[in-house]
Amino acid sequence: MNARPARPIDHCVLPVESLETARERYTALGFTMAPRADHPFGTANACIYFADNTYLEPLAVVDAELAAETALKRNVFAVRNAAYRFRNGPEGFSALVMGTANARADHRRFVYSGLSAGRQLAFSRPFTMPDGTVSEASFRLAFAADPRSPDAFFFTCERVKAPPAGRGALERHENGVTGISRVVMSEPYPAAFRLLLEELARSRQTREHAHSIDVEAANGVLSALDGNACKAQFGIDIGRERGLRLRAIVFRVGDLAAAARLLGDRGVAFDDREGRIVVQAAPGQGAVLAFEEEGQ
């Protein structure tokens with residue numbers, strides 16, 4: 001790494017069994033979801049976009065035969081999605097995606113660093129605007145993985161043809177979320193994965209603590225926590241298994257008390273932990289979700 005700017009968090013991939021169940025759950029949580037969009041390799045998403053240019057990608061298999069055929073052709077996205085679901089079931093938090101302006105250069109870097117997970121991927125999919133008009137979005141991906149962590153997957157995403165501006169209605173959420181502030185992983189010995197996280201964020205701005213490490217990305221933090229920190233901060237029991245696992249997403253909100261009232265009114269259970277609202281995973285919501293007030 002050199003003086004190149006740090007990469008931003010781009011989005012989080014959240015396998016779900018059903019996009020309909022995911023829509024019900026995320027709507028109850030106060031999020032606005034985009035219409036369904038199909039990939040050319042047997043999966044589909046219904047994304048949740050934020051004002052800070054990050055998003056969530058609930059991802060379902062909608063054509064199992066096509067997904068299997070695509071995986072056999074060594075499409076890395078399809079292979080890793082199938083492997084995650086085989087090992088963990090149809091729901092969870094499978095991939096962290098970082099933004100990039102040059103996925104080809106990232107691929108070369110990942111190969112050089114011994115982190116490449118396979119061939120690059122370029123594809124396009126439809127994007128439906130709030131007014132119902134349909135355009136095309138195109139992406140180029142460069143994949144990274146650590147063999148010590150088979151259930152955590154990473155890639156950079158170059159938005160070759162970004163969705164058009166003016167998706168403001170999709171970026172407004174009843175819960176007041178404006179973006180992602182932190183992505184949380186678990187590992188009994190977090191420092192063992194410091195170099196991987198620094199490579200992903202393209203950043204050496206790292207803070208090591210007794211039970212965790214934090215790596216500063218361009219727009220948020222990549223955190224790896226041990227079992228004590230996961231339990232205390234998010235109520236997550238990680239067990240003894242080694243390897244990074246993607247666990248939680250922390251969001252920025254303008255008014256934390258208002259977000260808590262909305263969740264309470266809708267019967268969504270949550271805990272108040274260290275000044276954050278924490279919602280445990282549920283059907284349609286594979287990751288633990290946490291909300292904290294902007295500036296905290």
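1. **Before you start.** The model is predicted, so please keep its ground rules in mind: local features need pLDDT of at least 70, side-chain atom pairs count only at pLDDT 80 or more, and totals for chains, interfaces and linings use all residues. Residues are numbered from 1 along each chain as its sequence is written, and side-chain values use heavy atoms, with hydrogens and water left out.

2. **Cysteines.** How many disulfides are there? The count is zero, where a disulfide is a pair of cysteine sulfur atoms within 2.5 Å. Take Cys12: the closest cysteine sulfur to its own is in Cys47, 11 Å away, which is too far for a bond. For Cys230, the closest cysteine sulfur belongs to Cys12, and at 15 Å that is also too far for a bond. Cys12 is buried, at 0% relative accessible area, and Cys230 is buried with a value of 0%. (Buried means under 20% relative accessible area, exposed over 50%, and partly exposed in between, using a 1.4 Å probe and protein chains only.)

3. Side chains of opposite charge can pair when their charged atoms come close. The structure holds 19 salt bridges, each being a side-chain nitrogen of Lys or Arg within 4 Å of a carboxyl oxygen of Asp or Glu. One of them joins Asp10 to Arg159, with the closest N and O atoms 2.8 Å apart. Asp10 sits in strand E1 (residues 9-15) and Arg159 in strand E9 (residues 153-161), so this pair ties together parts 149 residues apart in sequence. Helices (H or I, at least four residues) and strands (E, at least two) are DSSP runs, numbered from the N terminus.

4. **A second pair.** Asp146 and Arg148 also form a salt bridge, at 2.9 Å from N to O. Asp146 is buried, with 8% relative accessibility, and Arg148 is partly exposed, with a relative accessible area of 44%.

5. **A network of charges.** Arg245 and Asp151 meet in a salt bridge of 3.1 Å, N to O. Arg245 belongs to strand E14 (residues 245-253) and Asp151 to the loop between strand E8 (134-144) and E9, so the pair links parts 94 residues apart in sequence. Which residues share in the network around this pair? Salt bridges with shared partners join Arg87, Asp151, Glu241 and Arg245 into one network. Both Arg245 and Asp151 are buried.

6. Rolling a probe the size of a water molecule over the atoms shows where empty space is left. On a 1 Å grid over the protein atoms alone, a cavity is a set of points where a 1.4 Å probe fits but cannot get out; a pocket is an open set with protein on both sides within 12 Å along at least five of seven lines, and lining residues have an atom within 4 Å of a point. Of its 13 lining residues, His11, His39, Tyr55, Glu57 and Phe123 lie nearest its centre. Strand E5 (55-61), strand E7 (121-128), E8 and E9 each give two or more residues to this lining. By class, the lining has eight nonpolar, three polar and two charged residues. Here Ala, Val, Leu, Ile, Met, Phe, Trp, Tyr, Cys and Pro count as nonpolar, Asp, Glu, Lys and Arg as charged, and the others, Gly among them, as polar.

7. **The second largest cavity.** Its volume is about 50 Å³. Among the residues lining the second largest cavity are Val13, Leu59, Phe77 and Arg80. Helix H3 (76-88) and E9 are the elements that give two or more residues to this lining, and H3 gives the most, with three.

8. **The largest pocket.** The largest pocket holds about 210 Å³ of space. It is lined by 15 residues, and those closest to its centre are Tyr84, Gly92, Leu246, Arg247 and Gly286. Which element gives the largest share of the lining? That is E14, with three residues. The lining has seven nonpolar, four polar and four charged residues.

How values were computed
Points joined across faces, edges and corners; volume = space filled by probe spheres on them.
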